[in-house]
Amino acid sequence: MAAVDTNATIQEKTTAEPVRPLANFPPSVWGDRFLSFTLDNSELEGYAKAMEAPKEELRRLIVDQTMDSNKKLSLIYSVHRLGLTYLFLQEIEAQLDKIFKEFNLQNYDEVDLYTTSINFQVFRHLGYKLPCDVFNKFKDNTSGAFKEDISTDVKGMLGLYESSQLRTRGESILDEASSFTETKLKSVVNNLEGNLAQQVLQSLRRPFHQGMPMVEARLYFSNYSEECATHECLLKLAKLHFSYLELQQKEELRIVSKWWKDMRFQETTPYIRDRVPEIYLWILGLYFEPRYSLARIIATKITLFLVVLDDTYDAYATIEEIRLLTDAINRWDMSAMEQIPEYIRPFYKILLDEYAELEKQLAIEGRAKSVIASKEAFQDIARGYLEEAEWTNSGYVASFPEYMKNGLITSAYNVISKSALVGMGDIVSENALAWYESHPKTLQASELISRLQDDVMTYQFERERGQSATGVDAYIKTYGVSEKEAIDELKIMIENAWKDINEGCLKPREVSMDLLAPILNLARMIDVVYRYDDGFTFPGKTMKEYITLLFVGSVSM
Ligand SMILES: CC(C)=CCC/C(C)=C/CC/C(C)=C/COP(=O)(O)OP(=O)(O)O
Ligand SMILES: [Mg+2]
Ligand SMILES: [Mg+2]
Ligand SMILES: [Mg+2]
């Protein structure tokens, strides 16, 4: 009998597939449908030309000195809700500077709740801290509660509800207003009809301030047709603007979908979530302005790399492979290819090539630093993901402070916000980049919202899969509270982080709103994706609805 080749059997044993934490994520709902779009540039230019006339007419209205200030603020509110502020920013700020300077609380004595709330929202959205005292007169002096009689004023209640989302720390009247109006609006919504019913339903589902600007603009156009019709030029400009943006965004989605397919990630790493339209929607949420087209494409690619990385660490690699891959990402050198497992080499090569290409392109503009900042943040998150994997591998449950220190990094909002800067052009000055690198409070708040909202919605799924580190379990362990109390506490932290973001967007700002908007909008996208469920792993509700609204239907107006 031939000697048993023990080496062979040992060899067989060691090459047997290791046990992998596969997640069997639901497949993409979109397939290749966004690849077939073809952009007709003459159609795009046609919309741009047609926008000129209504744009000039609207500009004249905005600067019209004869218009009553409440009417002017109401017009600016509709302009803002339709996503058109960026076309008139100087004119709008000049008007608001003037009206804000004349502010006097007595002027609001006779102003109704709805008008007061429109004024409040316009000023706060544009960065002016109109005092929340303007709402004091709607409270009963003796009981201190909101007067019951305002609860029949549905439009006023809706305006107060939307206003309360813009509160900062210490504005307790707006904390009360948020819950008071939400309760009242929920109690009447089923008896409402027409546009008002749609308006209340939409705000209760997601207030404008927490929504995705591009989608909110489309919903405003549908649900507030009367307000949009007050000026013909506003209606016309909004329609043409939506048509222009739709073509440009469908082309961007085609470009990133084609890139993803050409890179063959679904074949080389088939265990990952196939979510290209969802990640493009996420990045579109950061900035929809036409001038940020290239920025969206770059940021989408880098965020897709993050999905590959996160799912590799969470749903496929062994701890040994994770250690080798993290070391390779720290080394950031093609020579590290041989140390990492076969299946992840294509990803590693594409990652390094893509960043090298970006660095070369941006060096021409003298802005390679923004690429370096993004790359370093990418290396940082790989180390953060390794830390989580080590905890899971050893069964260690981190203390809450320890978890959060790592969790702000694994929120991915540092690397995504820095990646969003890469294609934004000259607005990203040295000072702007230094501000981001200083890890400002507004960015930390957005990271906290991302980390904790995601944990609140995914911790059961992740706990079942043996992941020991989530914000919920760390909080329970550290403070010895029940799961429900832990979740309630995390939600309070999220609410306070929103107040910090609101504060950070008020003048005088540390950097221009162009640089704050991606951070604010990243927080908004967490509400879009995780308010009701884990809308990214299971994207069949909100994300599917938003992708259909923006990229499948046509702008039927
Ligand atoms: C954490 C978070 C919401 C990040 C949002 C930014 C973003 C799109 C990151 C890319 C990786 C990703 C989709 C994580 C969310 O899923 P997950 O629940 O698997 O993330 P986790 O493994 O960090 O919990
Ligand atoms: Mg994950
Ligand atoms: Mg993860
Ligand atoms: Mg999660």
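Where is the place of Ser374? Ser374 sits in helix α17 (residues 368-394), helices here being DSSP runs of H or I with at least four residues, numbered from the N terminus. At 0% relative accessibility, Ser374 counts as buried, the cut-off being under 20% relative accessible area with a 1.4 Å probe, protein chains only. Setting aside neighbours within four places in sequence, Ser374 is in contact (heavy atoms within 4.5 Å) with Ile302, Tyr355, Val415, Lys418, Ser419 and Val422.

A word on the model: it is predicted, local features need pLDDT of at least 70, side-chain atom pairs count only at pLDDT 80 or more, and totals for chains, interfaces and linings use all residues. Residues are numbered from 1 along each chain, chains are lettered from A and ligands numbered from 1 in the order written, and side-chain values use heavy atoms, leaving out hydrogens and water.

Now for the magnesium ion (ligand 4). Its protein donors lie 2.1 to 2.5 Å from it; donors are N, O and S atoms within 2.8 Å of the metal (3.2 Å for Na, K and Ca), and water is not among the atoms, so sites may look incomplete.

| Donor residue | Atom |
|---|---|
| Asp454 | OD |
| Thr458 | OG1 |
| Glu462 | OE |

In sequence, these donor residues are spaced D-x3-T-x3-E. Asp454 and Thr458 are both buried, and because they are 4 residues apart in helix α21 (residues 441-464), about one helical turn separates them. The magnesium ion (ligand 2) is 4.9 Å from the magnesium ion (ligand 4).

Zooming out, the C-alpha trace of the chain spans about 105 × 60 × 45 Å along its principal axes, and 57% of the 557 residues are buried.

Key: Helices (H or I, at least four residues) and strands (E, at least two) are DSSP runs, numbered from the N terminus. Buried means under 20% relative accessible area, exposed over 50%, partly exposed in between (1.4 Å probe, protein chains only).
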